[in-house]
Structure formats: C-alpha cells, structure tokens
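Please keep the sequence and the coordinates at hand while reading.

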Amino acid sequence: MQSSRNDRLHVAIIMDGNGRWATARGLPRKAGHEAGVETVRRVVRAAPSEGIGTLTLYAFSSDNWRRPKAEVAALMQLLRHYLAGEVDELVENNVRLSVIGRRDRLPFGLGAAISRAERATASGRKLHLRIAFDYSARWAIAEAARNCAAAGDVSEEAIARRMSGAAASPDVDLLLRTGGEKRLSDFLLWECAYAELAFTEVMWPDFAAGDLAETVAAFHRRERRFGGLPGEAVEDRSAA
C-alpha cells in the first residue's frame, strides 16, 4: 500500500440494515434504529484506536423523506436525543461533531440543537465525527458548483473547498456499507473518488468494534495507486 500524507484515515460508513434487523426479530423498525445508535457509540469509541481521524456516518439521506411519516419522525427524534445525550461524552473524549446535509427541512429546533452540539465540541482533535443527515451528494455537488459559479471560480480546487465547508475533511480513504447491499446511495460521491470500498453482510446493529478492526486491517493490505502503476510512488489525492 502506498503511504498517505494523511496519517489518520477518513472512514465513511453507510449504516444499513437497521430495519431488516428489527423485522427479523419481530420488532418495529424503530427498535432497529435505536439499536443502531448503540452501534454508533461503539464505533465512535473504537475509531481512534484504529487510526481513524475522520468518521462520516450516513444517518438519513434526502431520499429517506419518502419513508413512512412515523419512521421519519422517529429518526428525527433519535438525532435529537443523540445530540442531547452524547455531547458530554464527545467533549470528554476529545471528539468534534459536525453534521453535514441540509438543515432547512428539519423539524423546528433541530437545526439549533445541531449548532449547539457543534459549538460545544468544536475543540475536539482526537476524532472528527461527521453525521450526514438529510444528505445528498448530488445536491451537495450542485450547491457547491452554484456557489463557485457565483464567486467566479469553478475549478476543481474551489469546488473541493466548497464541498468541505465548515466541516472540512480529507477525501475518504475507506467507504464501508453494512447490511449486504452494494451501492453508494448518493453518499459522498465527490469525496469518494479514490476511496477503497468494503461491504459486509453484517447488519448495522450487530456491527462490533472487532468488525471495524477487521475492515481497517483489510484496507491496509490493499495497494492504493491513485491511477498509477503497481509499486510506483504516487501522489495522494486526499485533500489537505
């Protein structure tokens, strides 16, 4: 594997399988999402020891608004509870929290709760936890392009800066999807240009710290060439 100029990894996870996990156990889908929050806690605690500096979790896509109203409301409430209940531990563990995605369609007060949590954890340096909520990569790219056009600079570098925004982060090194599906689902399409992809049959509520360790270890066995030839020294395309 070619060494990266970023010492710590950016790992992105599509947290899939909550609903199917619950249905298989005769439980309402909401129970699967609640169990998934516990997995988030496990993975956030384990990430720094695996060399992960940035962790981006796909919690709610812009297409998820199509789900039943009761399920959408439960997901909104879960985010609200997570923000209220986890900030102290995030601060204690030196974790910075950012939420990426649209905020103009969130229920009243949720955007303000997000901003409070981001301010409270802004000094975290051990891990940058990014939660993608009401997120669409296509929308994010189009929005960045619109802003760049208005500023008169539509270069790749300018768009990359707009994509990072206040939650600046390097490009994704490793994208993992749980739950057995093998698609990107409009997640971090720009940032994943050179990401290594990994898929597991394990449903998100069952995903353990050991599963994360195995996935990262498998990533380190890969050779990342960024378009070059095997064994060649190549420039890391990750953002600074």
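## E196 and its surroundings

Leaving out residues up to four places away in sequence, E196 touches D173, L174, L175, F219, R222 and R224, where contact means heavy atoms within 4.5 Å. This residue is placed in strand β6, residues 196-199; helices (H or I, at least four residues) and strands (E, at least two) are DSSP runs numbered from the N terminus. E196 counts as buried because its relative accessibility is 17%, the terms being buried for under 20% relative accessible area, exposed for over 50% and partly exposed in between, with a 1.4 Å probe and protein chains only.

The model is a predicted one, in which local features need pLDDT of at least 70 and side-chain atom pairs count only at pLDDT 80 or more, while totals for chains, interfaces and linings use all residues. Residues are numbered from 1 along each chain as its sequence is written, and side-chain values use heavy atoms, with hydrogens and water left out.

## Positions annotated in the record

In UniProt, an unreviewed entry gives the feature "binding site" at D16 and E196; UniProt positions are given in the numbering used here, feature names are shortened, and annotations may be inferred rather than shown by experiment. For the feature "active site", again from an unreviewed entry, UniProt lists D16 and N64.

D16 is found in the loop between β1 (9-14) and α1 (18-24), and it counts as buried because its relative accessibility is 17%. Apart from residues up to four places away in sequence, D16 touches R177, T178, G179, E181, M203 and W204. N64, by comparison, lies in the loop between β2 and α3, and its relative accessibility of 15% is why N64 counts as buried.

T200 is found in the loop between β6 and α7 (209-220), and at 18% relative accessibility T200 counts as buried. The side chain of T200 reaches the backbone nitrogen of V202 at 3.2 Å. Residues up to four places away in sequence aside, T200 touches L176, R177, T178, G179, G180 and F207; R177, T178 and G179 are also among the residues that D16 touches.

## Strand β4 and its partners

Strand β4 (residues 127-135) is mostly covered, with nine of its nine residues buried. Strand β2 (residues 52-61) pairs with β4 in the parallel sense over seven bridges, and strand β3 (residues 95-100) pairs with β4 in the parallel sense over six bridges; two strands pair if DSSP finds at least two bridges between them. Within these pairings, F60 stands opposite F133 in β4, whereas L97 has L129 as its bridge partner in β4.

## H10 in strand β1

H10 has its place in strand β1, and its relative accessibility of 0% is why H10 counts as buried. The side chains of H10 and T56 are joined by a polar contact of 2.8 Å, a polar contact being a pair of N or O atoms within 3.5 Å, of which, within protein, one must be able to donate a hydrogen and the other to accept it, while residues adjacent in sequence count only if both atoms are side-chain atoms. Neighbours within four places in sequence aside, H10 is in contact with residues including T54, R130, S169 and D173. The C-alpha atoms of H10 and H128 are separated by 9.1 Å, although these residues are 118 residues apart along the chain.

## The largest pocket

The largest pocket has a volume of about 800 Å³. Of the 35 residues that line the largest pocket, M15, Y58, A59, F60 and N64 are the closest to its centre. The elements that give two or more residues to this lining are α1, α2 (29-46), β2, α3 (69-92) and β4.

On a 1 Å grid over the protein atoms alone, a pocket is an open set of points where a 1.4 Å probe fits, with protein on both sides within 12 Å along at least five of seven lines, and lining residues have an atom within 4 Å of a point. Grid points are joined across faces, edges and corners, and a volume is the space filled by probe spheres set on the points.
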